[in-house]
Amino acid sequence: MIRCIDQSPCLPEEKVEIWKAFLARQDTEEIRQFLQERCILRQEDEERALREGLVSPVREGEISEGTKVAEGFPEIKRPGPRHVTRPLTIGQADLMPSRPTATAPLQELPEVEEQPEPSEALPCSLVVVSTGHRISLPAEGELILGRIDLDLSFAPDVDLTCDTQGMQSISRRHAKITAFGGRHLIEDLGSTNGTAVKGRPLNQGQRVPLQPDDHINLGLCELTYNRIPRWLGIYRGRPYRAFFLVTFSGNRYYLPPNPEIILGLSDPERGVAVDIDLSQEGRLVRRTSPRHARVIEEGGLHLVEDLGSTHGTKLNGSFLEVGELVPLHPGDHLCLGSCILYYDFETQVEQKGVAA
């Protein structure tokens with residue numbers, strides 16, 4: 001049943017819901033029938049057996065060579081294959097979000113002996129060991145890890161400049177994370193100081209799958225790969241504030257409790273005022289527009305939108321369409337031109353001694 005779920009042609013989010021129903025013993029006969037008849041591995045096994053002569057096809061009503069029917073017993077006909085009369089559909093009301101929400105936080109799946117890889121069921125992240133910098137990883141697509149180069153106006157998807165204290169042990173394009181179906185592969189991009197997974201250096205272009213608790217070294221920067229904690233469960237009932245941290249300078253900007261927060265560059269002479277002013281970041285914001293993006297709060301979540309900026313806004317390596325509102329989650333990286341902001345929360349205990 002497990003491999004039928006894994007190899008079925010369902011969407012990743014549908015597989016998660018079918019797996020949850022299976023664990024809770026709420027799966028129906030229709031779902032089981034649908035998965036078994038469409039299991040790619042089962043089809044491959046049957047085809048391989050036919051090729052190797054392990055199984056000979058028998059038509060209905062026939063008896064294969066070498067098989068005798070005992071006297072006095074009626075002949076038993078093989079049943080024909082079962083067919084699902086309509087495709088399996090899962091309504092929108094049945095689909096749960098891929099990440100926790102304020103109104104319906106997900107619960108930890110129970111541990112069983114046989115289960116899909118954790119990365120299939122839950123979103124994963126990288127965490128820089130020395131700084132706690134969280135990097136949310138997409139379920140699909142690519143993410144470039146490296147460092148900003150102001151002279152070349154280059155910015156990767158995730159900037160690790162602040163995590164290495166400017167020692168430049170990280171190359172501009174150091175490593176690439178490739179995601180598909182919630183699983184992640186890491187690849188070195190010809191970096192100067194190399195990439196290692198669990199202490200084993202990677203050759204340039206070599207792609208290695210990541211597993212929970214893996215330790216990764218990008219030059220002198222150590223990271224761990226694991227499932228994303230239950231953010232809202234961690235902070236429920238405890239005072240916390242959301243902030244943006246500029247990954248190049250380490251400057252932190254707290255999100256004010258406004259219904260709308262404008263990010264950009266203030267310009268009093270032109271009458272431009274913003275809520276989070278990035279002007280002090282100097283050369284880093286040469287490609288940032290005065291009114292670059294806005295953040296609104298809705299249902300306990302922050303959502304970000306590009307305001308028609310000149311050089312665009314990227315979230316975790318993907319450009320946002322103008323007017324497209326996308327929710328922010330801890331560990332997300334927002335690129336305004338070439339200024340990369342890392343979004344996260346901190347509790348009241350963590351705020352001690354930190355100026356707002």
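What percentage of the 356 residues in the chain is buried? Buried residues make up 43% of them, where buried means under 20% relative accessible area, exposed means over 50%, and partly exposed lies in between (1.4 Å probe, protein chains only).

## Basis of the report

The structure is a predicted model, in which local features need pLDDT of at least 70 and side-chain atom pairs count only at pLDDT 80 or more, while totals for chains, interfaces and linings use all residues. Residues are numbered from 1 along each chain as its sequence is written, and side-chain values use heavy atoms, with hydrogens and water left out.

## Overall composition

The chain contains 6 helices and 22 strands. Helices (H or I, at least four residues) and strands (E, at least two) are DSSP runs, numbered from the N terminus.

Among contacts (heavy atoms within 4.5 Å) between residues at least 6 apart in sequence, 56% join residues at least 24 apart. The chain exposes about 20000 Å², and carbon and sulfur atoms supply 49% of this area. Accessible areas come from the Shrake-Rupley method with a 1.4 Å probe; for residues, only the protein chains shown count as cover.

Strands of a sheet pair through backbone hydrogen bonds, either parallel or antiparallel. Two strands count as paired if DSSP finds at least two bridges between them.

Within this sheet, strand 21 (residues 333-336) and strand 22 (residues 339-347) run antiparallel and are joined by 4 bridges. L334 stands opposite L341 in strand 22.

## Salt bridges

Side chains of opposite charge can pair when their charged atoms come close. The whole structure holds 11 salt bridges, each defined as a side-chain nitrogen of Lys or Arg within 4 Å of a carboxyl oxygen of Asp or Glu. One of them joins R134 and D344 (2.8 Å, N to O). Because R134 lies in strand 2 (residues 134-136) and D344 in strand 22, the pair ties together parts that are 210 residues apart in sequence. D344 counts as buried, at 2% relative accessibility.

Another salt bridge joins the side chains of K314 and D157 (3.4 Å, N to O). K314 belongs to strand 18 (residues 313-315), whereas D157 lies in the loop between strand 3 (141-146) and strand 4 (158-159), 157 residues apart. Both K314 and D157 are buried. R270 forms a salt bridge with D267, with the closest N and O atoms 4.0 Å apart; R270 counts as exposed, at 64% relative accessibility.
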